[in-house]
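User: I am new to this structure. Please walk me through it, and tell me what each term rests on.

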Amino acid sequence: MDIAVIGSDEFTLGFRLAGIRRVFVANSENYQEKILEALSQSTIGILAVDAKDLDNLSFQVRNKVMDSIQPVVVPVGGDESDLREKVKRVIGVDLYKSEDE
């Protein structure tokens, strides 16, 4: 399974430098089309997206993206308070859970 990234040239640059080869460059006009294209690729296991770019999606497509299991869509950036939910969603385990909960 491949790791892929979708977003602007600036957002994807760091991922490219880290060795990610599956890159979908998108802007606000074609973002929805590109993310649907990326979701349809059976070889992609993890898709990193800029959290703020999710605002470019329609309600239905955003729900599809956030509920996707294959590939797992990982929003990067944005609000730090939802890091616990991101980790839990991606790996399926609540790492922050204490014995008291």
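Analyst: Helices (H or I, at least four residues) and strands (E, at least two) are DSSP runs, numbered from the N terminus. Asp 55 lies in the loop between E3 and H3. This is a predicted model: local features need pLDDT of at least 70, side-chain atom pairs count only at pLDDT 80 or more, and totals for chains, interfaces and linings use all residues. Residues are numbered from 1 along each chain as its sequence is written, and side-chain values use heavy atoms, leaving out hydrogens and water.

User: Why does Asp 55 count as exposed?

Analyst: Exposed means over 50% relative accessible area, buried under 20%, and partly exposed in between (1.4 Å probe, protein chains only). Asp 55 has 59% relative accessibility, so Asp 55 counts as exposed.

User: What makes Asp 2 and Arg 22 a salt bridge?

Analyst: A salt bridge needs a side-chain nitrogen of Lys or Arg within 4 Å of a carboxyl oxygen of Asp or Glu. Here the N to O distance is 3.2 Å. The pair therefore meets the rule. Asp 2 is in strand E1 and Arg 22 in strand E2 (residues 22-25), 20 residues apart. The count of salt bridges comes to one.

User: Are Asp 2 and Arg 22 buried or partly exposed?

Analyst: Asp 2, at 31% relative accessibility, is partly exposed. Arg 22 is partly exposed too, at 23%.

User: Why does Asp 50 have no salt bridge?

Analyst: The nearest side chain of opposite charge, Lys 52, is 4.2 Å away. Lys and Arg count as positive, Asp and Glu as negative; His and the chain ends are not counted.

User: What makes the largest nonpolar core a core?

Analyst: A nonpolar core is a set of buried Ala, Val, Leu, Ile, Met, Phe, Trp, Tyr and Cys residues joined through side-chain atoms within 4.5 Å. The largest one has 16 residues. Those with the most contacts inside it include Ile 6, Leu 47 and Val 65. H2 gives the largest share, four residues.
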